Amino acid sequence: MFDVIGFDADDTLWHNESIFTMTQEKFREMLSSHGPEVVDQTLSSTQIKNLKIFGYGIKGFILSMIETSIELTDGEIQGNEIQQILDFGREMLAAPIELLPDVQEVIDELSKKYRLLLITKGDLIDQETKIARSGLADYFTGVEIVSDKNSETYEKILSRHDIAASRFMMIGNSMRSDIVPVVQIGGHAVHIPYYTTWDHEQKHPYIDPKNFKQLKHIGLLPGLIEEM
Ligand SMILES: [Mg+2]
């Protein structure tokens, strides 16, 4: 049915969104005089506005936190507070890679039968070091770090690797980035939700639930593939 399986990385193979959530808590505390909802809403709209300029990833998030702090304090934010935000970012970039349960075994098993691709978006240097530190790099025949994951991106990747969409299956936690665009170009997809998802990743065009599968955790993936 397919020869190549693509895997998303963040929140599919290892924890990621949890690091953003923890940092946002610290940021909220730092600006506590403005109220948590105001901080969250301002940060969220700043991030989305900045996506086209800074792209996805931690560096863009740091810049959006700085911009939010300037906006909320009417420019009164102090240098030492900006330093604190930069330190939040450094901590995020240095956070250890924590694989999700069963990932190592599943990837090892599937790599014996299929070509595996890692397809992730975000900062090039951050993603490269995370892949290296994950210990999983050798299982993948190709690694694609892209600025966004839409149907054009997937079409380009598949044509570069000479794979027909109908012979490709994508595994990921984001409907918007991993599932919808792959189904739209005629590929297979398995959605494995992470316990928390950034709101932005929740917004996506409707696709018929018959056209993709959903699993509770990655440990169930080899069984599902066997059935298919
Ligand atoms: Mg993800």
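Visitor: Is Ser-151 buried or exposed, or something in between?
Guide: Ser-151 is partly exposed, because 16 other C-beta atoms lie within 10 Å; a residue counts as buried with 20 or more other C-beta atoms within 10 Å of its own, as exposed with 12 or fewer, and as partly exposed in between, the C-beta atoms being placed from the backbone. Please keep in mind that this is a predicted model, in which local features need pLDDT of at least 70 and side-chain atom pairs count only at pLDDT 80 or more, while totals for chains, interfaces and linings use all residues. Residues are numbered from 1 along each chain as its sequence is written.

Visitor: Okay, and where does Ser-151 sit?
Guide: Ser-151 is in helix α7, residues 151-160, where helices (H or I, at least four residues) and strands (E, at least two) are DSSP runs numbered from the N terminus.

Visitor: Which residues is Ser-151 in contact with, leaving aside neighbours within four places in sequence?
Guide: Those are Pro-181, Gln-184 and Ile-185, a contact being two residues whose C-beta atoms, placed from the backbone, lie within 7 Å.

Visitor: Switching topic, what about helix α2, where does it bend?
Guide: Helix α2, residues 36-54, bends by about 30 degrees at Ile-48, and the bend is the angle between axes fitted to the seven residues ending there and the seven starting there. Just after α2, Gly-55 has a positive phi of about 75 degrees.

Visitor: Which residues of α2 are buried, and what covers them?
Guide: The buried ones are Val-39, Leu-43 and Gln-47, and their cover includes α1 (17-30) and α3 (58-72). An α-helix has 3.6 residues a turn, so residues three or four places apart point the same way.

Visitor: How far is Val-39 from Ser-151?
Guide: From C-alpha to C-alpha they are 33 Å apart in space, and in sequence 112 residues separate Ser-151 and Val-39.

Visitor: What domains does the chain have?
Guide: The assignment, which is automatic or taken from a database, gives domain 1 (4-14 + 98-227) and domain 2 (17-94). Their C-alpha centres lie 28 Å apart, and twelve residues of domain 1 are in contact with eleven residues of domain 2.

Visitor: And the sheet, in what order do the strands come?
Guide: Six strands form an open sheet in the order β3-β2-β1-β4-β5-β6, with parallel pairing; two strands pair if DSSP finds at least two bridges between them. The edge strands, each pairing on one side only, are β3 (142-146) and β6 (213-214).
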